[in-house]
Amino acid sequence: MKEADETWEDRLADLRHRLQEIAKARGALVPSDPDHAREIKMLKAEEGAVRRRLREVSAAAAHGTMVEFGLLPNYALIDSRTDLEATLTWEEQSEGDRRFHSELREYARPARPALVEIAPGNSYYVRGYKHEISGLDVGPADRPAYAQWRVCAQCGYVRTHLAKED
């Protein structure tokens, strides 16, 4: 339960941190510069999408969240999952005004096919959209979203304890 609670809080903290980074990036731009003005509009759209995602995560049903974190059984019989968090961005022009919109989407895939499908440089097609995978979110330096593993090339034994130091 404690691990699930920490993961939940980390998810919310990461979204809040993303909002702070967007605000910091917007603060460094000059609205009177046309290129900066366009970038500010894009960042505002991204901020709105992150805020919506934060509300969705905060308002998620308890039962579904407990299943997601493995606290309740999932009878779908799939292996562990990998999440693709995609940002859809588009521009609308009307009466000479350009507006940028962003929407965050999240797709879950079984871990094994996700290694290939959601790899950087690949394109992933889902629900009529082509998502170009541009990178992996490894998390902030103080809370990385990855773990160091040490794998024996001969037998496949995996060790996570002291893997980085050894």
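Modeller: Let us begin with R53, which counts as buried at 14% relative accessibility; please keep in mind throughout that this is a predicted model.

Biologist: Why does R53 count as buried?

Modeller: The term buried applies under 20% relative accessible area, and R53 has 14% relative accessibility, so R53 counts as buried. This arginine lies in helix α2, which spans residues 34–58.

Biologist: What makes the pairing of the R53 and E106 side chains a polar contact?

Modeller: A polar contact requires a pair of N or O atoms within 3.5 Å, one able to donate a hydrogen and the other to accept it, and the contact that joins the side chains of R53 and E106 is at 2.6 Å. Not counting residues up to four places away in sequence, R53 touches L15 and L104 as well as E106.

Biologist: Which residues does V50 contact, leaving aside its neighbours within four places in sequence?

Modeller: V50 is in contact with L15, R18, L19, I22 and L104. V50 also belongs to the largest nonpolar core, a set of 13 residues in which L12, L15, V50, L54 and V57 touch the most other members. The elements that contribute two or more residues to this core are α1 and α2, and the largest share, six residues, comes from α2. Apart from this core lies another, of eight residues, including A86, I118, Y124 and V126.

Biologist: Why is the pair formed by the rings of Y107 and Y124 called tilted?

Modeller: Planes under 30 degrees apart count as stacked and those over 60 as edge-to-face, with the rest called tilted; the planes of Y107 and Y124 stand at 50°, so the pair is tilted. The ring centres are 6.5 Å apart, and pairing requires centres within 6.5 Å. The structure holds one aromatic pair, and this pair links distant parts of the chain, with Y107 in strand β2 (residues 97–110) and Y124 in strand β3 (residues 123–126), 17 residues apart.

Biologist: How do you know whether Y107 and Y124 are buried or exposed?

Modeller: With the limit for buried set at under 20%, Y107 is buried because its relative accessible area is 4%, and Y124 also counts as buried because its relative accessibility is 9%.

Biologist: Where in the chain is confidence lowest, and where is confidence highest?

Modeller: Confidence is lowest in helix α4 (residues 111–117), at a mean of 78, and highest in helix α1 (residues 2–27), at 90. The chain averages a pLDDT of 83, and 96% of the residues score at least 70.

Key:
Residues are numbered from 1 along each chain as its sequence is written. This is a predicted model: local features need pLDDT of at least 70, side-chain atom pairs count only at pLDDT 80 or more; totals for chains, interfaces and linings use all residues. Side-chain values use heavy atoms; hydrogens and water are left out. Rings of Phe, Tyr and Trp (its six-membered ring) pair if their centres lie within 6.5 Å; planes under 30 degrees apart count as stacked, over 60 as edge-to-face and the rest as tilted. Helices (H or I, at least four residues) and strands (E, at least two) are DSSP runs, numbered from the N terminus. Buried means under 20% relative accessible area, exposed over 50%, partly exposed in between (1.4 Å probe, protein chains only). pLDDT is the predictor's confidence in each residue, from 0 to 100. Contact means heavy atoms within 4.5 Å. A nonpolar core is a set of buried Ala, Val, Leu, Ile, Met, Phe, Trp, Tyr and Cys residues joined through side-chain atoms within 4.5 Å.
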